[in-house]
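Reader: I am new to this structure and would like to go through it slowly, one question at a time. Could we begin once it is in view?

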Amino acid sequence: QPLHTLRAAEKELLPGFHQFEWQPALKNVSASCNVGIINGLSGWASSVDDSPADTITRRFRYDVALVSALKDLEEDIVEGLRDSGMEDSACTSGFNVMIKECCDGMGDVSEKHGGGPAVPEKAVRFSFTVMSVSIRADDGEGEVTVFTEPKPNSELSCKPLCLTFVDESDHETLTAVLGPIVAERKAMKESRLILPIGGLPRSFRFHFRGTGYDEKMVREMEGLEASGSSYICTLCDSSRAEASQNMVLHSITRDHDENLERYEIWRTTPFSESADELRDRVKGVSAKPFMETQPTLDALHCDIGNATEFYKIFQDEIGEVFQKANPSREERRSWRAALDKQLRKKMKLKPVMRMNGNYARRLMTLEAAEAVCELVPSEERREALRELMRLYLQMKPVWRSTCPARECPDQLCRYSFNSQHFADLLSSTFKYRYNGKITNYLHKTLAHVPEIIERDGSIGAWASEGNESANKLFRRFRKMNARQSKAYELEDV
């Protein structure tokens, strides 16, 4: 077919093709429905800078993208209504839509060839997933869910909203690019969408939950100190020392509004305290929270963080650190070499530069623990290692599965018990590692999982995997592009 017919067919699949309206109209957002891909910096005055501003970012308008996502689900929604016996005529209002937001930075997306303008070789991708659509029953008796995303962590359900060439650590540029998205999201919270679904105009309210961020991004968005800080947790106020003493008993206290209040205290110092007292009062909130995130645990990075920790424990056990004071660097290196060699021989695991998801999944198995035990001299330590791994494997499905109550009810019931047992092991047998310090994700795994599950029903479903696996697609599109100038690049994706 000639190019223009393909283009026309493509247009229907892009956001910007459906008629809809907002009541009340969105503040500061144009009412036109037919906008496709826009320059992410639209509305910003361009400044003279090292990279041409119009190549930095491309995005969809948030409301248009949401409309498009709902239209994709039109059949599912109508079918859900039919299945739950909601007659078409009755329900035109009262739809609630749960949106999961993900945002992640990617390193090294440099051109392999081609001479576009110079842009930073890093990218940030922001995307969303429609998690569920529910409707209030006529009698006001609770909600009926008419659609639930079956694969919340697939890249197919994860719709890209904004693609940007910036470094996620460059806070100023990042906030400038995401600013319009935050503004649109805020406007949509206070309004409802009128959109024809199944031939009838229906009204939707959106609930946004930013759960697909890794810890680095959460800390950046919520104004917390970086992850090496002594305030170890993005969910509670615990310090690293406290968390290593009391590993299990913590509850979630932080939220976006409180972070904003704390930032105000930090900014105005109403009690004219010293810097240290002030920092202790605001518990490490020392920048303005920029975007609301939902305090949760990111299952993928939790996996990776804990695997890294186990990898270090394995090394220490091979070298029997619990007896030694402080081993030299050479000794440590030799234990690490021994561990890598053993894992390669027994598990066919090649050593990796930075722990990744696949390596973590293979490392956290009983057979890997057995392989390591072959190198551990004392039987008593071997037993402790096996027990540690057994407990971990009991706990893991609870924060990995999409619906723990259905998929692993027994482990869910035993979670608090297991985590207590795990913490006891760490603070007795392995206390050489946990004296006054503990890693961020280990603290969250032990202390916060049951509470999050009670609140949200799942941790795994709200994780950032969909966005992470779509990063792979993004890389492919970047490499295999016929037009190599970067100005076109983001349009094509």
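Reader: Which handedness, left-handed or right-handed, does the crossing of H13 and H15 have?

Author: This is a predicted model, and in it the axes of helix H13 (residues 379–400) and helix H15 (residues 409–428) come within 9 Å and cross at roughly 145°. Among the residues that meet are Leu388 and Leu391 in H13, and Phe422 and Leu425 in H15. By class, the contact has 13 nonpolar, 5 polar and 2 charged residues. The handedness of the crossing of H13 and H15 is left-handed.

Reader: How are tyrosine 62 and phenylalanine 128 classed as an aromatic pair?

Author: Tyrosine 62 lies in helix H2 (residues 62–72) and phenylalanine 128 in strand S5 (residues 123–136), so the pair ties together parts that are 66 residues apart in sequence. Tyrosine 62 is buried at 0% relative accessibility, and phenylalanine 128 is buried as well, with a relative accessible area of 1%. Their rings are 5.8 Å centre to centre with 40° between the planes, and the pair is classed as tilted.

Reader: What is the class of the pair formed by the rings of phenylalanine 310 and phenylalanine 314?

Author: Both residues lie in helix H9 (residues 299–318), 4 residues apart, about one turn of the helix. Phenylalanine 310 is buried, with a relative accessible area of 2%, and phenylalanine 314 is buried, with 1%. The ring centres are 6.1 Å apart and the planes stand at 70°, over the cut-off of 60 degrees, so the pair is edge-to-face.

Terms used. Residues numbered from 1 in each chain as written. Predicted model: local features only at pLDDT ≥ 70, side-chain atom pairs only at ≥ 80, totals over all residues. Heavy atoms only, no water. Axes fitted to C-alpha atoms, helices over the stretch in contact; angles between N-to-C directions. Helix = DSSP H or I, 4+ residues; strand = E, 2+ residues; numbered from the N terminus. Left-handed = near helix turned anticlockwise from the far one by under 90°. Contact = heavy atoms within 4.5 Å. Nonpolar A, V, L, I, M, F, W, Y, C, P; charged D, E, K, R; others polar. Phe/Tyr/Trp six-rings, centres within 6.5 Å; stacked < 30°, edge-to-face > 60°. Buried < 20%, exposed > 50% of the residue type's maximum accessible area, 1.4 Å probe, protein only.
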